[in-house]
Amino acid sequence: MGRVFAAVLSLLSLALRALSAAWAALALVGAQTAPSRPNSLSTLRDAVAPAASAKHLPRHVALILKSHNPPRRMLASFTLWLAAVGVEAVSLHFPNALHCIDSSAKLEFLRLMEEYGRGFGLRTLTNLDTLNCSASVCRLEFELPSKMREPPKPKTQKSHSVVFRIRFIDPSVDGISQIVAATKKLCTSSQAGSNIGRTSDKIDLKFVDELLKVPDFCEPELMYVFDGADDVLTLDYYPPWEIRLTEICHVKSPGIPSYENFLKGMDMYSKREKRIGT
């Protein structure tokens with residue numbers, strides 16, 4: 001009986017060793033295949049080249065960070081990666097961190113982007129010392145390296161630079177209150193008989209959209225939601241009329257704006273077939 005018991009223990013020991021070795025091998029493979037931080041602008045653009053060539057890159061990306069203390073340095077890197085691959089605008093929503101939209105916090109964030117941009121060869125042409133950070137939308141102009149310059153753009157933009165727009169959404173002014181404000185404006189205009197230059201029977205979807213939309217911003221084609229927990233997806237009062245056709249990349253625990261999650265969202269968006277009916 002003792003020999004049988006010893007044999008069973010020996011077999012269990014061997015099984016545990018084999019299982020441990022298997023886990024170690026899987027961890028090694030994961031470490032070898034997991035994407036690291038990009039070390040150059042060309043590396044970053046090569047990573048999204050297939051999507052860019054097929055014109056499957058979003059123009060406007062929205063980021064929702066639910067942490068009470070969002071990792072600003074990681075977020076600045078993430079936002080810079082978006083600008084570097086050709087995204088034109090980003091909307092930042094901090095539902096639990098009102099301090100992140102203070103003027104000083106915005107300036108600190110933009111300086112971090114400027115710092116990281118230099119590492120990619122992207123020189124900031126915008127003078128941050130004179131930039132109005134109290135506005136909800138800030139614009140950064142980056143000078144592109146010579147090998148990545150494209151033919152001249154419209155007169156408002158230099159051929160060797162790109163303008164990137166960053167919108168900071170005020171979490172204290174949620175989407176519901178904005179709809180209420182727009183409804184009040186419609187009622188007031190109707191009662192006055194003006195409707196801002198329109199007659200009362202011309203209140204249509206286009207007119208309502210003009211009241212709600214943000215100038216120079218299209219609807220976000222891609223949205224990252226960083227939860228930091230394995231919770232059900234919620235948007236925490238992100239303006240709902242802006243996301244009718246938005247693809248959502250839900251990043252759960254640990255919910256950080258990492259390079260791996262950046263590539264995950266871009267890859268997800270590039271594989272979606274866009275079908276918009278009439």
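Two strands pair if DSSP finds at least two bridges between them. Helices (H or I, at least four residues) and strands (E, at least two) are DSSP runs, numbered from the N terminus.

The model is predicted: local features need pLDDT of at least 70, side-chain atom pairs count only at pLDDT 80 or more, and totals for chains, interfaces and linings use all residues. Residues are numbered from 1 along each chain as its sequence is written, and side-chain values use heavy atoms, with hydrogens and water left out.

**Exercise 1. Assign the pairing sense.**

Task: Find the sense, parallel or antiparallel, in which S6 and S7 pair. Do likewise for S4 and S5, then for S2 and S5.

Solution. 
- Step 1. S6 and S7 pair in the parallel sense, over five bridges. Phe 226 has Val 251 in S7 as its bridge partner.
- Step 2. S4 (residues 137-143) and S5 (residues 161-169) are antiparallel, with seven bridges. Leu 140 stands opposite Phe 164 in S5. Phe 142 has Val 162 in S5 as its bridge partner.
- Step 3. S2 (residues 89-93) runs parallel to S5, and five bridges join them. Here Leu 92 stands opposite Phe 168.

**Exercise 2. Judge the cover.**

Task: Decide how many residues of S5 are buried, and how many of S7.

Solution. 
- Step 1. Buried means under 20% relative accessible area, exposed over 50%, partly exposed in between (1.4 Å probe, protein chains only).
- Step 2. Count S5. Seven of its nine residues are buried, so S5 is largely enclosed by the rest of the structure.
- Step 3. Count S7. Four of its five residues are buried, and S7 is mostly covered.
- Step 4. Compare with the chain. Of its 278 residues, 37% count as buried. Its accessible surface comes to about 16200 Å², of which 57% belongs to carbon and sulfur atoms. Accessible areas come from the Shrake-Rupley method with a 1.4 Å probe; for residues, only the protein chains shown count as cover.

**Exercise 3. Trace the surroundings of His 60.**

Task: Say which backbone oxygen the side chain of His 60 reaches.

Solution. 
- Step 1. His 60 is in S1 (residues 60-65). His 60 counts as buried because its relative accessibility is 1%.
- Step 2. The His 60 side chain reaches the backbone oxygen of Cys 218 at 2.7 Å.
- Step 3. List contacts (heavy atoms within 4.5 Å). Beyond neighbours within four places in sequence, His 60 touches residues including Val 87, Ser 91, Phe 217 and Leu 222.
- Step 4. Widen the view. Of the chain's contacts with a separation of 6 or more, 72% are between residues 24 or more positions apart.

**Exercise 4. Follow two long-range pairs.**

Solution. 
- Step 1. Ala 76 sits in H4 (residues 72-85). Ala 76 counts as buried, at 0% relative accessibility.
- Step 2. Not counting residues up to four places away, Ala 76 touches Phe 109, Leu 112, Met 113 and Tyr 116.
- Step 3. Leu 263 lies in H8 (residues 259-270). Leu 263 is partly exposed, at 21%.

**Exercise 5. Check the phi angles.**

Task: Locate Asp 236 and Tyr 237, and give the phi of each.

Solution. 
- Step 1. Recall the background. Most residues other than glycine have a negative phi.
- Step 2. Asp 236 lies in the loop between S6 (222-226) and S7 (247-251). Its phi is positive, about 50°. Asp 236 is partly exposed, at 24% relative accessibility.
- Step 3. Tyr 237 lies in the loop between S6 and S7. Its phi is near 65°, also positive. Tyr 237 is exposed, at 54%.

Methods:
A polar contact is a pair of N or O atoms within 3.5 Å; within protein, one must be able to donate a hydrogen and the other to accept it, and residues adjacent in sequence count only if both atoms are side-chain atoms.
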